[in-house]
Amino acid sequence: MLSIHGLLMNCFMGSEFVDTKTGAITPATLKVQLLCDVPQKSGDTKKELITMTVKEVALNDIYKSFIGSLVRIPVGVMANGKSLSYWILPNTRPESVSVPK
């Protein structure tokens with residue numbers, strides 16, 4: 001299992017989506033934003049804001065309680081060209097982590 005570590009910056013509800021051809025409605029989903037350290041080839045570290053989807057909207061209050069905290073979250077990852085797409089695995093919750101010394 002892969003996990004992503006970062007500072008939980010924000011939680012918000014995305015918009016519902018209506019397919020213009022079929023009229024099917026995809027319900028709104030919970031979005032979570034993490035500020036993560038991304039290692040660079042030069043040895044430096046770049047800060048990157050990563051937005052991920054949480055399928056369980058009912059977890060909104062749990063994720064909001066971690067805003068401003070360093071967390072670890074189990075994720076799925078998919079390559080999309082030269083970039084990576086992340087999503088939060090079903091039935092998972094953030095876990096507080098401490099800052100390494």
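This is a predicted model: local features need pLDDT of at least 70, side-chain atom pairs count only at pLDDT 80 or more; totals for chains, interfaces and linings use all residues.
Starting at the N terminus, the elements of the chain follow the order β-β-β-β-β-α-β-β-β. Residues are numbered from 1 along each chain as its sequence is written, and side-chain values use heavy atoms, with hydrogens and water left out.

Let's look at one pair of strands. Strand β6 (residues 70-80) pairs with strand β7 (residues 83-88) in the antiparallel sense, over six bridges; two strands count as paired if DSSP finds at least two bridges between them. Val-75 has Ile-88 in β7 as its bridge partner. The two strands, β6 and β7, form a hairpin with two residues between them. In this turn, Gly-81 has a positive phi of about 70°.

Now step back to the whole chain. Its C-alpha atoms fill a box of roughly 50 × 35 × 20 Å along the principal axes. Of the 101 residues, 27% are buried (under 20% relative accessible area, with a 1.4 Å probe and protein chains only). Among contacts (heavy atoms within 4.5 Å) with a separation of 6 or more, 52% come from residues 24 or more positions apart.

Finally, the surface. The chain exposes about 7000 Å², and carbon and sulfur atoms supply 56% of it; the areas come from the Shrake-Rupley method with a 1.4 Å probe.

Technical notes:
Helices (H or I, at least four residues) and strands (E, at least two) are DSSP runs, numbered from the N terminus. Buried means under 20% relative accessible area, exposed over 50%, partly exposed in between (1.4 Å probe, protein chains only).
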